[in-house]
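Open the model in your viewer and keep the sequence beside it. This tour goes stop by stop, with something to select at each one.

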Amino acid sequence: MIKNRLTWFPACSLKVRAVPLLIASQMAMISTAMISTTTPALAMEGGKLPLTIERMNASPALAGTSPRGLKLSPDGLRVTYLAGRKDNQSFYDLWQMDVKTGESSLLLNADKLATNELSDEEKARRERQRIYGEGIMEYFWADDSQALLIPASGNLYYFSLVDNSVTQLLIGEGFATDARLSPKGHFVSFVRDQNLYVLDLTTKKLQAMTTDGGGAIKNAMAEFVAQEEMDRMTGYWWAPDESAIAFTRIDESAVEQVTRNEIYADGIKLTEQRYPAAGKNNVDIALGVVTLKDKAINWVSLREENSKDKSKDIYLPRVDWLPDSKHLSFQWQSRDQHQLDLQLVALDALTKPKTLVKERSDAWVNLNNDLHFLKQQSAFIWASERDGFNHLYLFDLKGKLKTQLTKGEWAVDELEYIDETAGWVYFTGRKDTPIEKQLYRVPLAGGKVERVSKQAGMHNPVFADNQSVYLDYFNSLSQPPQISLHGDEGQQLAWVEQNAVKQGHPLYDYAGLWQIPEFGELKAEDGQVLQTRLFKPVPFDASKKYPVVVRVYGGPHAQLVTNSWSEQDYLTQYLVQQGYVVFQLDNRGSAHRGTKFEQVIYRHLGEAEVKDQKVGVDYLRSLLFVDADNVAIYGHSYGGYMALMSLFKAPDYFKAAISGAPVTDWRLYDTHYTERYLAHPEGNEKGYEASSVFPYVKNYQSGLLMYHGMADDNVLFENSTRVYKALQDEGKLFQMIDYPGSKHSMRGEKVRNHLYRSLADFLDRQLKSAK
């Protein structure tokens with residue numbers, strides 16, 4: 001998925017005053033009077049040390065202790081998490097908290113594990129997972145809560161909590177990826193050399209469950225678009241009783257192999273990559289089931305016998321076992337993504353799948369992770385946008401709808417936990433406001449939705465396996481990520497990490513200048529509501545006029561205007577301290593607002609989005625403290641595309657633009673993402689042409705800075721070099737900064753320091769030099 005990798009969106013809190021909804025004609029007369037006389041709202045108490053770019057990226061992290069990898073042990077007695085070190089926020093150790101005593105302690109120092117260079121496959125997988133760091137990056141609990149499996153640098157370690165011993169498992173030569181414990185903890189599985197392996201922890205016997213992997217054949221591995229676009233990072237699934245493993249077999253033979261240049265400071269690495277560009281061939285995918293007892297492999301028919309659609313050019317986004325281990329479900333998606341079918345197959349009749357649910361759309365059907373098969377009744381919960389918003393539905397195992405559990409003009413984010421005994425379904429969603437993510441519950445039999453979480457902001461719960469207690473990973477504009485333990489009705493039981501911004505906290509010395517934005521609402525040309533955030537300079541003088549930086553993403557499945565803590569806002573806080581107004585608007589096409597709001601962009605990207613950003617600038621022009629002649633736009637990834645399209649299509653609105661790692665011609669991006677929004681190139685040539693930046697290059701006047709990682713394997717560097725050439729051919733002056741060895745995420749303290757200093761310098765020269 002095209003994502004702003006420079007943007008990190010955890011969650012957050014604090015109620016802020018909302019600007020009333022005003023139509024465009026009222027803005028100049030009413031909104032200016034309301035806003036221009038107010039002063040910036042401070043988020044926290046603390047020192048007033050000016051924020052520097054170097055401090056933004058240095059250790060310890062400004063956000064303080066911000067654990068990741070939160071888990072509750074199966075017995076519910078321990079909370080475990082990964083925490084970065086004070087002297088290196090990107091190096092993680094494993095920590096624990098005793099639920100009964102509330103005491104936290106280091107559980108495993110990562111120095112006890114051998115560290116090796118990551119394989120190219122693992123590097124690519126981590127890039128798809130947005131994982132960055134060293135030390136312990138993932139771990140898995142054994143079912144008895146007495147041990148943990150820890151993959152590290154291609155090795156596998158078994159950590160016994162009984163005697164605190166760490167044992168390196170003997171898995172043979174090679175680099176192990178996608179390792180995990182089996183459901184009951186008797187086996188360890190992993191992928192090596194494109195085959196699936198299983199290690200018996202009792203007998204120590206290692207077996208290859210597949211043997212034909214190699215070259216274009218990959219067993220138990222997720223293909224590129226599954227990892228990047230479908231949120232499916234694996235290619236295999238254990239049966240609950242450990243009797244069998246379902247796995248994908250992908251054949252990449254038909255996928256175009258491109259030679260990609262990864263440019264590093266000390267040389268060029270030529271990488272052969274099978275990249276399924278829009279309109280080109282995808283992998284050929286099959287679904288098999290291998291039994292542990294005899295390693296026999298049987299293959300699943302992916303369509304019903306009477307189905308008219310026998311195409312193999314399809315996607316397999318989800319595979320899930322039923323609790324009885326005798327039935328397997330999978331989701332079949334058509335290449336045009338207008339169809340999504342949930343299918344069920346019995347292990348003794350793998351060639352006879354039955355369709356349980358059909359989802360259809362004239363635009364596209366979004367994927368989710370909200371399928372859950374119940375244990376105490378023959379039914380399952382399924383999420384669907386069939387009424388225009390993502391909601392939860394209860395079906396029986398014949399595919400008959402029993403009840404719609406949630407409804408209304410708001411969206412469910414995710415199904416979090418089901419307490420079948422007590423009869424509750426817990427989920428996160430936007431019932432109260434689209435700018436906050438709250439935890440709710442609804443009776444399993446249907447009924448009134450209850451809000452469980454208390455604080456205003458963003459809640460990301462992690463539930464225990466067998467009881468309705470949960471960890472709440474919470475954050476807000478005024479609260480860096482904190483973690484607490486809660487009961488089933490939301491009552492707080494203990495702090496895991498309060499992370500209060502007080503003296504001694506890394507943020508404390510800077511907190512006195514930290515700004516809270518003003519939220520507002522505008523209207524798009526079709527009347528739909530657009531959410532906005534506006535950060536004022538500090539100190540603020542209503543009699544002055546300030547330059548503006550519009551920070552944009554603008555693409556699907558993302559949202560900037562939220563009450564949340566974000567690393568991206570460090571740069572925003574720096575800019576407001578340098579005398580800039582920073583403005584953000586979630587245009588149509590962005591997330592959590594329903595299909596009508598999102599699907600406006602279908603078959604033509606960069607049109608409605610730019611129009612909406614212009615609505616935002618029209619509003620800014622109505623504010624007395626805004627210097628309307630000095631407005632810049634900045635974005636990364638889809639935001640970089642938006643920056644180019646906005647500057648090229650609306651040069652009278654934006655004096656300057658910063659475009660980071662942009663897609664510039666959608667024919668260069670992958671099938672699953674691009675065709676979802678633009679359809680197949682053969683059926684929408686005009687849409688692809690109109691959605692490219694190149695027809696508008698001739699409109700460019702001045703004020704452009706572009707940057708790109710020269711080893712980017714997601715949005716290929718070619719996207720930027722084509723623009724460089726087009727602008728040079730037009731005789732247009734612009735600036736570019738390219739980073740040897742950097743991927744799409746632009747990671748690393750030194751890289752980010754240089755990048756942000758360059759951006760700040762560019763903005764000063766473009767927007768302040770005339771003052």
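Strands here are DSSP runs of at least two residues, numbered from the N terminus. Two strands pair if DSSP finds at least two bridges between them. Keep in mind that this is a predicted model.

**Stop 1: a sheet**

Select β26 to β29. These four strands form an open sheet in the order β26-β27-β28-β29, with antiparallel pairing. At the edges lie β26 (372-373) and β29 (401-404), each pairing on one side only. Now zoom in on β26 and on β27 (residues 379-384): two bridges join these antiparallel strands. Pick His372; its bridge partner in β27 is Ile381.

**Stop 2: aromatic pairs**

How many aromatic pairs are there? The count comes to 31. Select Tyr426 and Phe463. Their ring centres are 5.2 Å apart, and their planes meet at 50°, so the pair is tilted. Tyr426 belongs to strand β31 (residues 424-429) and Phe463 to strand β34 (residues 458-463), so this pair links parts of the chain 37 residues apart. Tyr426 is buried, at 0% relative accessible area. Phe463 is buried too, at 11%.

Next, select Tyr673 and Tyr677. This pair is edge-to-face, with 5.0 Å from centre to centre and 75° between the planes. Both residues sit in helix α10 (residues 671-678), four residues apart, which means about one helical turn separates them. Tyr673 and Tyr677 are both buried.

**Stop 3: charges over rings**

Select Arg180 and Tyr236. The charged end of Arg180 sits over the Tyr236 ring, 3.8 Å from its centre. Then go to Arg192, which lies over the face of Tyr197 at 4.4 Å from the ring centre.

**Stop 4: salt bridges**

The structure holds 34 salt bridges. Asp178 and Arg180 are both buried.

Move to Arg430 and Asp413. Their closest N and O atoms are 2.8 Å apart, in another salt bridge. Arg430 is in the loop between β31 and β32 (438-443), while Asp413 is in strand β30 (residues 412-419), so the bridge ties together parts 17 residues apart in sequence.

Finish with Glu607 and Lys649, whose side chains form a salt bridge (2.8 Å, N to O). Which residues join them in one network? Glu525, Asp526, Arg588, Lys611 and Asp612 do, through salt bridges that share partners.

Note on methods: Residues are numbered from 1 along each chain as its sequence is written. This is a predicted model: local features need pLDDT of at least 70, side-chain atom pairs count only at pLDDT 80 or more; totals for chains, interfaces and linings use all residues. Side-chain values use heavy atoms; hydrogens and water are left out. Rings of Phe, Tyr and Trp (its six-membered ring) pair if their centres lie within 6.5 Å; planes under 30 degrees apart count as stacked, over 60 as edge-to-face and the rest as tilted. Buried means under 20% relative accessible area, exposed over 50%, partly exposed in between (1.4 Å probe, protein chains only). A charge sits over a ring if NZ of Lys or CZ of Arg is within 6 Å of the ring centre and within 35 degrees of the ring normal. A salt bridge is a side-chain nitrogen of Lys or Arg within 4 Å of a carboxyl oxygen of Asp or Glu.
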